[in-house]
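Here is a short briefing on one protein chain. Look at the sequence and the structure first, then read the points below.

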Amino acid sequence: MKMAAMETGELAKASPYTELYLHPGQTYISAEPVQISMILGSCAGVCLYDRRRAIGGATHYMLPQWEGPGSPSTRYGDVALDVLLKQFQIHGSNPSDLEAKVFGGACMFQAFRAENGSEGHIGSRNIHMALQTFLQLGIVIAARDTGGENGRKIKMQSDTGSVAVAVIRNS
């Protein structure tokens, strides 16, 4: 599903921001302006922005839910979103001041689309985790570009909350 509240198309060629690339399992929040980048396939990329404090952050996770054994990891959506939200709380953010933008969740391989249908694949479960979390907390979902068959490259400006999305076409 696509919502018009985001910038789409070509990503900026040059940026005055320091660029920070998030790998799967990484989370970052910054009170200083930075450009947070991710490349997503079935993974979910979630960007949060505090409108009142003008700070932004993001997380990039691979799987929807941690079910033990071992230690919880931010490679799992429930853990990653909890860590990101706690980091915003430390900076004084309230859920009512936050807006979320959710990306990714593609079903990259034909075999998985046929096997699991349109909603059973890992990408759709990753996105569902984020949407349910924000719904429960009353956090506005300001933009969303999820699902489909192609990956995405996203770049978020942490001080404005703006996000550019470019589709990565499968060959």
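The side chains of R52 and D97 form a salt bridge, with N and O 2.7 Å apart; a salt bridge here is a side-chain nitrogen of Lys or Arg within 4 Å of a carboxyl oxygen of Asp or Glu. R52 sits in the loop between β5 and β6 and D97 in the loop between α1 and β7, so the pair links distant parts of the chain, 45 residues apart. This is a predicted model: local features need pLDDT of at least 70 and side-chain atom pairs count only at pLDDT 80 or more, while totals for chains, interfaces and linings use all residues. Residues are numbered from 1 along each chain as its sequence is written, and side-chain values use heavy atoms, with hydrogens and water left out.

**Salt bridges**
- The count by this rule is four salt bridges.
- R52 is partly exposed, at 47% relative accessible area, whereas D97 is buried, at 14%; buried means under 20%, exposed over 50% and partly exposed in between, with a 1.4 Å probe and protein chains only.
- E99 and R51 also meet through their side chains in a salt bridge, at 3.6 Å from N to O.
- E99 belongs to strand β7 and R51 to the loop between β5 and β6, so this pair ties together parts 48 residues apart in sequence.
- E99 is buried at 16% relative accessible area, and R51 is partly exposed at 40%.
- In the salt bridge of D82 with K86, the closest N and O atoms are 3.1 Å apart.
- D82 and K86 are four residues apart in helix α1, which means that about one helical turn separates them.

**The chain as a whole**
- The chain has three helices and ten strands; these are DSSP runs numbered from the N terminus, helices being H or I of at least four residues and strands E of at least two.
- Of the 171 residues in the chain, 47% are buried.
- Contact means heavy atoms within 4.5 Å; among contacts between residues at least 6 apart in sequence, 67% join residues at least 24 apart.

**Helix α3**
- Helix α3 covers residues 122-137 and spans 23 Å from its first C-alpha to its last, close to the 22 Å expected at 1.5 Å a residue; the expected span is 1.5 Å times one less than the number of residues.
- Buried residues of α3 include I127, L131 and F134.
- The buried residues of α3 pack against β5, β6, α1, β7 and β8.
- G138 follows α3 and has a positive phi, near 75°.

**Strands β9 and β10**
- β9 (residues 151-157) and β10 run antiparallel and are joined by six bridges; strands pair if DSSP finds at least two bridges between them.
- I154 has V165 in β10 as its bridge partner.
- Five residues lie between the strands of this hairpin, where G161 takes a positive phi near 80°.
- Which residue lies in the loop between β9 and β10? S158 lies there, and S158 is buried, with a relative accessible area of 0%.
- S158 and I55 are 103 residues apart in sequence, but 5.9 Å apart in space, C-alpha to C-alpha.
- Not counting residues up to four places away in sequence, S158 touches several residues, among them S30, Y49 and G56.
- I168 lies in β10 (residues 163-168) and is partly exposed, at 36% relative accessible area.
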